[in-house]
Amino acid sequence: MTLTQLRYLIAIADCGLNITAAAERVHATQPGVSKQLKQLEDELGLQLFTRKGKSLDGVTDAGARVLERARVILAEAVNIRSIAANLRNEEHGDLRIATTHTQARFALPPSIAALSRRYPQVSVHLQPSGDAEVLALLEGGRVDLAVVSTSGAAPASGIALPAYRWNRVVLMPHTHPLASLKRAPSLAELAALPLVSYDSSVKPESSLRRAFAAAGLSPQIAMTAADADLIKTYVRAGMGIGVLAEMAMLPDDANDLRTITADALFPTCTTWILLRRDSVLRDYTLDWIVQFAPHLNRADVRSAVANGTPHPPTVIPHWRQNVARARKASVE
């Protein structure tokens, strides 16, 4: 049994039992992956997958148990390499981050740029996805960390470190009747209009839907998108009133869009950095975390990973505080 065989096994499972896709993921050939799988099954004396003709059809009970342990073994192999790299003071490697489109587009660039300046030999690989896909990537060991948001408790997956709090805004073209309001629109006023928001807004557990439901209202979702830039594009096209994260608004958007804070309408959200339990962080990963969330203490982050329990900071800064601090620093 080899680590390569276990890596191929996990790739097959994570690629929906598609050996060709698994081979592409691990940079191998399809015959090579099939050969290694057969050798592993022969050594174990077990069928790890059920077959239908020449295709894999399912994971056997034995395969599920082997996969569970294989993930642990490969994770520990990565940890050993990370320990060795840190002890050698290596400043090269990869940082794989799964996150949402909004975080990747609007929140992460300054911290990633700072990491690149400090560690020019570190390659950063962003995987923008929906919240569910982001968590699956982390749990499957395909990324080093995840950045996601919730409107309530921290995600149950991994170790959650709070990065910042944020609120939603509503936006519309300057020519829209709501744009002349000197106040935030009410939920009743929004419920009477078509809305454009994130894909997650159609889910029953969406905090946006729950806010309307608590007021006895039902929103008219005219269009959804994963990308905040697309939401703004279709608001400009007249599809409806936009509801999106405040960090997605750029100075140039004010040229043709009216933005109104909606703090009183929808719950405050928190963006979290999620780490895999029992993982060993590369030094550059730790540096990125404290760059992205400066209120987090390096020692506390290491302790949280080692003990599997985060040490909550006393105060979680708001996105607006981060923006103000960045502007002040640029002036100085």
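A: The model is a predicted one, in which local features need pLDDT of at least 70 and side-chain atom pairs count only at pLDDT 80 or more, while totals for chains, interfaces and linings use all residues. Residues are numbered from 1 along each chain as its sequence is written, and side-chain values use heavy atoms, with hydrogens and water left out.

Buried residues make up 45% of the 332 residues in the protein chain, where buried means under 20% relative accessible area, exposed over 50%, and partly exposed in between (1.4 Å probe, protein chains only). The chain has 13 helices and 12 strands, these being DSSP runs numbered from the N terminus (helices H or I, at least four residues; strands E, at least two). Its C-alpha atoms fill a box of roughly 75 × 50 × 30 Å along the principal axes, and of the contacts (heavy atoms within 4.5 Å) with a separation of 6 or more, 73% join residues 24 or more positions apart.

The part in question is the stretch that an unreviewed UniProt entry labels "domain: HTH lysR-type", at residues 1-59; such annotations, given here in the numbering of this model and with shortened feature names, may be inferred rather than shown by experiment.

In the loop between helix 1 (3-14) and helix 2 (19-25), Leu17 has a phi of about 70°, and Leu17 is buried, with a relative accessible area of 17%. In the loop that joins helix 2 to helix 3 (30-44), His27 has a phi of about 60°, but His27 counts as exposed, at 76% relative accessibility.

Further along, Gln47 sits in the loop between helix 3 and strand 1 (49-52) and is partly exposed, with a relative accessible area of 49%. Neighbours within four places in sequence aside, Gln47 is in contact with Glu41, Thr60, Ala62 and Gly63. Asp61 is 14 residues away from Gln47 in sequence, and the two C-alpha atoms are 9.2 Å apart in space.

Lys232, in helix 10 (residues 228-236), is buried, with a relative accessible area of 2%; apart from neighbours within four places in sequence, Lys232 has contacts with Phe106, Leu171, Leu244, Ala248, Met249, Leu250, Asp253 and Leu257.

The other site is a helix pair: the axes of helix 11 (residues 283-292) and helix 12 (residues 298-307) come within 10 Å and cross at roughly 120°. Helix 11 is therefore oblique to helix 12, since angles under 35 degrees count as roughly parallel, over 145 as roughly antiparallel, 65 to 115 as roughly perpendicular and the rest as oblique; axes are lines fitted to C-alpha atoms, for helices over the stretch in contact, and angles run from 0 to 180 degrees between N-to-C directions. From helix 11, Asp283, Leu286, Asp287, Ile289 and Val290 meet Arg298, Val301 and Arg302 of helix 12.
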